[in-house]
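I opened this entry to look at how the parts of the model touch. My notes follow in the order in which I looked things up.

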Amino acid sequence: MSSFTIDCLFAIAFVLPLVGVVLSLATRRFSWNNTLVQSMFILSGFAGLIAGSYFFALLGIGNSASFNGTFFGLVNIALNSMQVFFLMLVYGGVLLTSLYAIQSLPPYKDVYVLPTLNVASAFFIVGMQATILSPSLFTFLMAWEIMSVSAYFLVIADRSDESLRAGWLYFVMTHIGFACIAAGLLLLAGGNLFASWHDVALSALGATPLAISIAFVLLLAGFGSKAGLVPLHQWLPYAHPQAPSGSSALLSGVMLKVALFGFIQGVALFPFVPSFSAFLVISIGLLSAFFGALRAAVENDAKRVLAWSSIENMGLIFSAVGIYLLVHGSQDSAVSAIAPSIALFIILHTANHFIFKTGLFMAVGAVASKTHTRNLDELGGLAQRWPIFAGIFLALSLAAAALPPFGTFFGEWTYFQTLASGMTVSAFFGGSFALILALLALVGGLALFAYVRMFSAIFLGRARTTHAEQVSPMPILLWLPSLFSVLLSIIAGLFLFPILSAPNTFMEGVTLFGDVAILGGVSMNAWWVLLSVIFIGVLLTVCRRSFSNRNPARITDTWDCGQPITPRMQYTATGFSAPIRFFFKSILMSEKELIIEPISMSNPWIVRRRLVWSIKSFFEYWLYRPIGIAVFAVSRAVKRLQNGVIQLYLLLVICALVFTLATTL
Amino acid sequence: MTYLLITFQALVVLLSAPLVVGMVRTLKARFQNRQGPSIFLPYVSMLSLLRKEMTITKHSSWVFRMVPFVVLGSAFFLALVVPSLFFGIVPSSLDNIFLFGAVVALGSVFLVLGGMDTGSTFGNMGSSREMTLATLVEPALYVSLATLALATGAWGMGGIVGHFTSLPWLVAVPPAIVTLIGLLFVLLAENARYPVDNPATHLELTMVHEAMILEYSGTYLAMLEYASAIKLTALLAVCMGILIPFGISAPPVTFFGLGIALIAFFGKLALGAFAIAFIESVIVKMRFYRMQEYMMLAFFIALLGLAVELIVLYH
């Protein structure tokens, strides 16, 4: 009976977006079309969340929990707890972003073609679910492709030149990634396209070590390009911000997690992982985290800051996956004891990043829709206009910067503490974990910088443009989903952290309020932290009331040294990050240039001076550009063959035929 | 009983915080051949600030008013968990080293927000600089704390200091000296002292911390100055508690032990204040755009300290 309920709910969650497609096209002439379709999505997300919770309530959250869904006898899908966890991220994302889209999309109905956009969203949602649910290689690749292509339509939704360029870049990169994934999985499956995951794992047992190594690198490149890992991240900061904000939230908050899911599922198929793999994943993950955080700290487009921060967070998660690969299954029990704590970080940070990134994308989208700009240099002063919304945004920023008392802090604490405790295992782990820890601390610091900078540029001080000064009140559905994200982020620390840390004892309900002990018995308790925050807050308020002057404050001008100051005199976001640009000059390849243009021919002293600064992409310059130059050089060389003489072409055709015959026979 | 001890310990830190600032100022004045003010002057100035009227700029929002509470709150938290008189009384979740680091960062972040919410370039400039420093000092801080934890096998501030008290000085402290130097770099940067910041001036060329709090007045200014005094005292108590681990005891507390602990604590604070005043009198402030050198140095010293501990541990 109960498994039938879960069946039904998952089926409803899967089918409702498709119903939404039909409705969207059928009712496209009516004004309530968008609301109707979004409600379908909301219902789908809701059904899915209930199904997922029911699944966990029924079966616990240990690794062994699995469930045979028959979907009314149509297909046979064995769901395990990892799949359900990632599915719940999808459903949660769909629920929040669709709630947001009810009011955020209609003002843009001249920019986007809403019915078409909603069709793309529906296929995107279905594609992500199908990717996670798919029981075999072929369905997985199909679902992956549906997800990727519909994401392309989300990216180009506003049909501007910039979006088309970004979309094109995304389209090329995602198909390179797709090719890598398909090749890697087929290599494991021995060429059998229709193999189920079980068959793939069986056939991988017979694969040669070389084939295993190649398959691993291919899978890392394929899933890594989707997850935005350096150096295949180039498309992400361009593509994600171009989509409508709700869709950006899904792309950054959820789709990247689907890529992570694909990678984890793919690695689970390997009979053994090649010895270099752990180091490869760790270094790529750390590199991504560092570059993502550094670029997020100097970027001026608010949504692009978030996109770079997604690269950073996926890098953190992948570096942890690498460490898991390194320690998992080690003969030494002290080493393999590190694995559960690292796994706890991976799963917690996956959830946390989903929560705050979805919330932040929606919040930035709300700001952009009211002020008509995403440029941090043109905003400011919004905290006076929207005090509540500013509070929500601040909370999300603090969550993103991994500060207590938000869930992200407890996730990152797990990572830091595991690395630190792991240093006691052996000299090798001591040295390498120390370096990783130091780099992670720097990444954490840069992320802190990026989010403080973004929040202050948008909300603090004085408005820098009239648009930002005269904003209208914010409609409720533009900020409510972000508020849910804030609450979820606190809940993630209070509940998810203890629950996930003790998957097997949770069912007895003993550890919810207790300390969470990880590797080495080191413990942390989110409840204590929250209690001390409340306690100190109350204490300070009481002290303020009883000890100090209680007269109301006098409202004055800002101290201006006797000269009136204007909003233009404030530090812009660009100015704020100047020290970081200076300190990391060689990595950011940042350049300042003074351009002098003469105005008068007769007098050389009358000139117009402009200062421009630019940041070049390190990887674009040192990796993509040389490859591009090489490709052009080769094609120029080959072009000589194309001389217009038909006899030469015939000769070439014959050569090709002879060569083909010679190799096949 | 434990809660009573925690409260007492926190109260001692909270009450002695302005004294530390006063001692540093007076000692610095003596180094400069000046008479200097009384060491109790900060108490008087903070109390009088509490009674003054506040002015708040009209270009600020609620964030500006919230900042003093969060900054002082984070300082209170440090005062609660730092093992100044006793160790092993704070719940292990609360005195964890990474939580300690995060709370320090939280305080810095809100100071920065306060400086940004004024619409004045002064505050903005201080904020930009403070945020950069807080970012770059993070690796050195975390590596130093992790090193101490590694050396002692304890992951809380109390456990770390407790470990140093339980071993002979010559066994425990010398390997940690390099890390302590790294922590000293962090302490100077976090507390806006020389060579990172000049706590005594209001010149826009030199200041970081003072620039951020320029717009604050009255009660809020008192709260922010008090917070920075507490932070200095707490970090000093940690460093000195490790360098000179005497007088700090575990829970069964006797009156005699308590007296020793109090005397030792104030002695250590006086020594620490002397050290800071001495450092500030013999070095000059560095140019801000050379801060990366300072931070790199701090980071490498912290890493060196870690290497020393690893060698001690595995050889």
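I began with a salt bridge: the side chains of A:Asp557 and B:Lys58 meet at 3.0 Å, N to O. The rule I used takes a side-chain nitrogen of Lys or Arg within 4 Å of a carboxyl oxygen of Asp or Glu. Between chain B and chain A the count is two salt bridges.

A note on the source: this is a predicted model, where local features need pLDDT of at least 70, side-chain atom pairs count only at pLDDT 80 or more, and totals for chains, interfaces and linings use all residues. Residues are numbered from 1 along each chain as its sequence is written, chains are lettered from A and ligands numbered from 1 in the order written, and side-chain values use heavy atoms, without hydrogens and water.

**Strand pairing**

I then checked the strands (DSSP E runs of at least two residues; helices are H or I runs of at least four, both numbered from the N terminus). Strand 5 of chain A (residues 554-556) runs parallel to strand 1 of chain B, and three bridges join them. Pairing needs at least two DSSP bridges. I found B:Thr55 as the bridge partner of A:Arg554.

**Chain B against chain A**

I counted contacts (heavy atoms within 4.5 Å). Here 70 residues of chain B touch 75 residues of chain A. The two chains bury about 6400 Å² between them, 73% of it on carbon and sulfur atoms. Buried area is the accessible area (1.4 Å probe) lost on putting two parts together, summed over both. B:Trp62, B:Trp155 and B:Tyr314 supply 9% of what chain B buries against chain A, more than any other three residues.

I also looked for polar contacts (N or O atoms within 3.5 Å; within protein, one able to donate a hydrogen and the other to accept it, with sequence neighbours counted only if both atoms are side-chain atoms). There are 26 such residue pairs across this interface, both at pLDDT 80 or more. Which helix of chain B gives the largest share of the side that touches chain A? Helix 5 does, with 15 residues.

**Domain 1 against domain 3 of chain A**

I took the bounds, 1-134 for domain 1 and 275-519 for domain 3, from an automatic or database domain assignment. Their C-alpha centres lie 25 Å apart. Together they bury about 1600 Å², 82% of it on carbon and sulfur atoms. I found zero salt bridges here.
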